[in-house]
Every structure is written in structure tokens, then in C-alpha cells.
Amino acid sequence: TERTKRAYQTDLQEFFQTEHITPEQVRAVAFTDIIEYRNDLAALGRKRTTINRKLSSLKAFFKMMVAAEVVDRNPADSTLVKGFKVDDTIAGKAIQQASLQKILKAIADEEDDLIRSRDLSIVQLLTYGGLRRSEVSGISWDDLIQESAFYLLKLPTTKSGVAQDI
């Protein structure tokens, strides 16, 4: 997507500290430079997802540079540069079971049937369907269809730009 292209471009400019990257600069990069960059980002307090996206930008860029024969080896290769990890007890954006139970109880306690049904549907789509808030807010009745015994939710607009069915 355009947004991803801009993010990758920004990541590369940040890493190389210039808007115009030369073949000489590309050839001068060693895997230790990328590891140092990753560790510097962590020291600055950047989020794990941000650090790993920046590493993905570098990996894709150097893969292209290998294909274009600018460099012989990818210094950002996953075997040389591991992604940034945090404590194993942290599970990304997952909601804790106790918190989910509190939300579901609050929904169940709602007296208005329509509001209760709406809220339960939203929470289930976010939690179990993995939808983004923007995807849930963009749903219309026309997006819900029945195919034999199942109901499908057609998402014409997603972050990736590819239509999806839930």
C-alpha cells in the first residue's frame, strides 16, 4: 500500500541518515550495523512492532539489492539479525482473559437488547475475528451474507487493500 511504501522509505532514510542512498553506502553495511541499529531503537524506547517493521524494511531492501547485484549477501538476513523480542509473558496486543471476562459481563448486564447485541457483536468481531476498529466501524448490513448454513462478513476495505471474508 502507499502507506507501507512511505513507511519503508522513511525507515531506509532513517537507517542510512540520508534521502539519497548510494550503492557505496549499501555495500558498506554489515550485519553488526543492523544489530546495533535494532538495539539503539530499543534503547530509545521504540515499540517492538516498530522495531520489527524497520527491520523488515531493511531485510526487503537488502534482498532487492542482492537481486540487483549491488551486494553479494543480505546483511539484514534473519539468520544474522534476529527480530526484537520482549519478555515472553507479553503476548502482543492480546487482551488478558480476566479483562475480556469483565467486558463480556458488562455487556451481559446491559438491559437494552439492541445495545447488548450490538456490543457483543463488536467485541466478538474485534476479539475472535481479528478485525480492526476501522473495519468494524465500516461494516454495513450489505456486507453480511448467508452461504448455506454459514454467515459470511465480506470486508471490502481492509488495511492491506484486499477484500476479506470472515
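Phe61 touches Leu12, Phe16, Ile21 and Val26, leaving aside residues up to four places away in sequence. The model is a predicted one. Phe61 also belongs to the largest nonpolar core, which has 19 residues. Among the residues with the most contacts inside this core are Phe15, Phe16, Val26 and Ile34. Leu58, Phe61 and Phe62 are listed with them. Helix 4 gives the most, with six residues.

Helix 1 covers residues 2-16. How far apart should the ends of its 15 residues lie? At 1.5 Å a residue, the helix should span 21 Å. Four residues of helix 1 are buried: Asp11, Leu12, Phe15 and Phe16. Seen down the helix axis, these buried residues fall within an arc of 115°, and therefore they line one face of the helix. Glu2 and Arg3 lie on the other side of helix 1, and they are exposed. The buried residues are covered by elements that include helix 2 (23-27), helix 3 (31-43) and helix 4 (48-67). After helix 1 comes Gln17. The phi of Gln17 is positive, near 55°.

Are Phe15 and Phe16 buried or exposed? Buried means under 20% relative accessible area. Phe15 has a relative accessibility of 13%, so Phe15 counts as buried. Phe16 has 10%, so Phe16 counts as buried too.

Phe15 also pairs with Tyr37. That pair is edge-to-face, at 5.0 Å centre to centre and with 80° between the planes. The pair links distant parts of the chain. Phe15 sits in helix 1 and Tyr37 in helix 3, 22 residues apart. Tyr37 has 11% relative accessibility and therefore counts as buried. Which residues do the ring pairs link into a cluster? The cluster holds Phe15, Phe16, Tyr37, Phe61 and Phe62.

Helix 4 also contains Ser57. At 1% relative accessibility, Ser57 falls under the 20% limit, so Ser57 counts as buried. What does Ser57 touch? Its contacts are Tyr8, Asp11 and Leu12, again leaving aside residues up to four places away in sequence. Asp11 and Leu12 are among the buried residues of helix 1.

Three strands form an open sheet in the order 1-2-3, and the pairing is antiparallel. Strand 1 (144-147) and strand 3 (164-165) are the edge strands. Each of these edge strands pairs on one side only. Strand 2 takes in residues 150-155. Strand 2 and strand 3 pair in the antiparallel sense over two bridges. Which residue of strand 3 is the bridge partner of Leu155? The partner is Gln164.

Technical notes: Residues are numbered from 1 along each chain as its sequence is written. This is a predicted model: local features need pLDDT of at least 70, side-chain atom pairs count only at pLDDT 80 or more; totals for chains, interfaces and linings use all residues. Side-chain values use heavy atoms; hydrogens and water are left out. Two strands pair if DSSP finds at least two bridges between them. The expected span of a helix is 1.5 Å times one less than its number of residues. Buried means under 20% relative accessible area, exposed over 50%, partly exposed in between (1.4 Å probe, protein chains only). The arc is that of the directions from the helix axis to the C-beta atoms. Contact means heavy atoms within 4.5 Å. A nonpolar core is a set of buried Ala, Val, Leu, Ile, Met, Phe, Trp, Tyr and Cys residues joined through side-chain atoms within 4.5 Å. Rings of Phe, Tyr and Trp (its six-membered ring) pair if their centres lie within 6.5 Å; planes under 30 degrees apart count as stacked, over 60 as edge-to-face and the rest as tilted.
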